[in-house]
Every structure is written in C-alpha cells, then in structure tokens.
Amino acid sequence: MPVSEFLYVVARHEIALHEYLRSHFPGMPQVEVTVDRRLGERRQQNLGYPVERREGERRRHCIGQQLRKYGWALVRQDHVWGSLRSSVRIRDIEEKISRVVHTDAIALIRGKRGVGKDFVARLIHSVSPRQGRPFIKVDCAITRGERLESELFGHEKGDFPEGHRRKIGRFEFANTGTIFLDEIGEVPPSLQGKLLQVLRDHQFSRIGGREMIQVDVRVVVSTTPKAEGAGGRGGFWEELSRLNAVEIDILPLRERTEEIPHLALSFLARFNEQFQQNVELSRATLAVLMEYPWPGNVRELEDVIRRFVVTGSSTL
C-alpha cells in the first residue's frame, strides 16, 4: 500500500494505529514500538479538546513523524524500493520525488530503456495526493502520427479513418489523476506543438472537434538520452524545460552495482512466492551478477531471475 494511502486511510477513518500496522506492516515492528511510545507520552498531555479528536490528532502526528523518519521504506513492505534505501543514488531520486509529488510540476524522468522509469512514474503517482485516481500510461514509441494524436486527445465521429464513433482520449481518461507519457521523445514534430500547448494550459480539442476540453492532470514524461540527443537541446526540449519540469535521472544498472544484490534478492523472493519455488542465490552467483554489464538494465535482471525461478532449480 502506498505511503499516501497509508496516511489517508488512518487520518480520514481513524483506524486503530496498532491494528493497521499489524495487518499491513507486520515486518516493521520498530514503527509500531516507536508509535506506541510516542502515543504513551502524549496521553499524559492535556491538549484541551475532546478525547476523540485528541486521539485522532495524536495518531496523525505520530504517523507523520514515522513517515518522515522511515519514508520510502513504507512505500510497500514487499517492494524492491525499500531494500535500496542504502543507495546514495536512490536517496537522491527520493529527494527529487519528494519535491515534485505535492505540486503539479511536470516530472521528466530520463534514463536508458529498462532502468525503471515506469516504476518511478507509478511511484510519483502513488505517493502524491492523486493516488487512488486514474494512472494512464501512453507509450509514445508504439503509437505514431495521427493515431498517437487520437490516442492522446480523442476524435469526433467521422473525423478519423476508424472514426465510426466518438473516441475519448487518454488525457480525458486521466482527468484528476496522472498521465504518464513514456518515451515522449518519440512524439512526431507535427504533434509536439499541440502537446506542449496541452502541457501548458491543460486544454485541448478532440480531432475534428470545436469544443475546448479542460482537464486536471499531473503529467509525468520519460525519455532516453539517445532520443533527447537526437532532437537537440533546442525546440521541443527547450520549450519543455520552460514548463519548469523537474528532472529525475536514473543511471544504468552497470553504474549502480551496489544495488544488484538487493534487486536480485527482492525479485527472487517475489518469484519464489509467485511460482511456489524455493530457489536460492549463492554468493558466487551474486558475484557473477554484479560483474555482468546488464545492457537491459533492471528489466533484464528481473527477467533473468524470473527465468531461473521458473526452471525450479534448487540453486542458481
């Protein structure tokens, strides 16, 4: 369960803190112990308003302190992110995410294919006030030209080769939530102007339509260094930077070798549970994994661990 949902549920519904922690975070007893101690200290204070409200305020205050202290370790108990908090590079990404989640600033995630851009985009959404609302992903590298314009903004009946009926675009589906434009560098020049206008004003019209549609969305975009370099630093990218996009750079896995054991063991635990296996990673195997350059980055490592677990070997 995302951090923001953790805070939202407890604050809005005043669920008993200990019951909530036991049911959702059984692997983090230090949080429960610390909260218990803080609640015990605060019970001795007379805050001057009804007991129910006082208890609710105590819970919210303690939870806020715990979230600030343990932060991203609570994003998801079984998530790989929690196991990577010792990495300086991961903490730098966390800091940038923390700066952007409570604003509507555009987040620009930059990194090679397979480094985890999709994961970071979903993380931004899940810890933002928009969590629980639509998260819509559009892969701009798959859909091209006029079809991409229709995919993003929709079209009116009869104004598209397959326009036998009106189509609602992804921006409308993402209203009040987050839209993730993956590989935005693949957007054709003919569409870049309209897209920049939408990112600026959050207004657009469907293909063939006259009505201006207003949407309330958070925009997260991603690109690869190669795509950005091919387009140069002027034009589209310069205009995008003028929209005060917060840039989040994710290095390739070969430059983050200290994270490989944590990632491998996290994937191993997940796939062992999923496929009901008991595969183990030896120290020698971990050493081999750390020596490999991983051209496919985190995605390739995940696929390798999945394949090993599926084979059902007792060791790797």
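The structure holds 23 salt bridges, a salt bridge being a side-chain nitrogen of Lys or Arg within 4 Å of a carboxyl oxygen of Asp or Glu. The model is predicted, and local features therefore need pLDDT of at least 70 and side-chain atom pairs count only at pLDDT 80 or more, whereas totals for chains, interfaces and linings use all residues. Residues are numbered from 1 along each chain as its sequence is written, and side-chain values use heavy atoms, with hydrogens and water left out.

The chain contains 14 helices and nine strands; helices (H or I, at least four residues) and strands (E, at least two) are DSSP runs numbered from the N terminus. Of its 316 residues, 46% count as buried, where buried means under 20% relative accessible area, exposed over 50%, and partly exposed in between (1.4 Å probe, protein chains only). Contacts are defined by heavy atoms within 4.5 Å. Among contacts between residues at least 6 apart in sequence, 71% join residues at least 24 apart. The accessible surface of the chain comes to about 16,300 Å², of which 49% belongs to carbon and sulfur atoms; accessible areas come from the Shrake-Rupley method with a 1.4 Å probe, and for residues only the protein chains shown count as cover.

In soluble globular proteins, nonpolar side chains tend to be buried together. A nonpolar core is here a set of buried Ala, Val, Leu, Ile, Met, Phe, Trp, Tyr and Cys residues joined through side-chain atoms within 4.5 Å. The largest such core has 30 residues, and Phe-171, Leu-181 and Val-219 have the most contacts inside it. At least two residues of this core are supplied by each of β2 (135-139), α7 (145-153), β5 (178-182), α9 (189-201), β8 (218-223) and α11 (236-242). The greatest contribution, five residues, is that of α9. When residues up to four places away in sequence are not counted, Phe-171 touches residues including Leu-152, Leu-181, Leu-195, Phe-204 and Val-219. Another core, of 19 residues, lies apart from the largest one and has Ile-90, Ile-109, Val-120 and Leu-123 among its members.

Helix α9 has 13 residues, which at 1.5 Å a residue should span 18 Å; its end C-alpha atoms are 19 Å apart, in agreement. The expected span is 1.5 Å times one less than the number of residues. Buried positions in α9 are Leu-191, Gln-192, Leu-195, Leu-196, Val-198 and Leu-199. Seen down the helix axis, the buried residues of α9 fall within an arc of 160° and so line one face of the helix, the arc being that of the directions from the axis to the C-beta atoms. These buried residues pack against α7, α8 (170-173), β5, β6 (203-204), β8 and α11. Just after α9, His-202 takes a positive phi of about 60°. In α7, Leu-148, Ser-150, Glu-151, Leu-152 and Phe-153 are buried, and the helix is followed by Gly-154, whose phi is positive, near 80°.

Several salt bridges were examined individually. Lys-137 and Asp-182 meet through their side chains at 3.8 Å, N to O. This pair links distant parts of the chain, with Lys-137 in strand β2 and Asp-182 in strand β5, 45 residues apart. Lys-137 is partly exposed, with a relative accessible area of 31%, whereas Asp-182 counts as buried at 10% relative accessibility. Both residues belong to a salt-bridge network that also links Asp-118 and Arg-122. Within helix α11, Glu-238 and Arg-242 lie four residues apart, about one turn of the helix; their closest N and O atoms are 2.6 Å apart in a salt bridge. Glu-238 counts as partly exposed at 32% relative accessibility, and Arg-242 is exposed at 52%.

Two buried loop residues were also considered. Gly-177, in the loop between α8 and β5, counts as buried at 0% relative accessibility. Its C-alpha atom is separated by 5.9 Å from that of Phe-135, 42 residues apart along the chain. Ile-250 is found in the loop between β9 (246-249) and α12 (260-275) and counts as buried at 7% relative accessibility. The C-alpha atoms of Ile-250 and Lys-112 are separated by 7.9 Å, although the two residues are 138 residues apart along the chain. Leaving aside neighbours within four places in sequence, the contacts of Ile-250 include Ile-93, Ile-109, Val-115, Val-120 and Arg-256.
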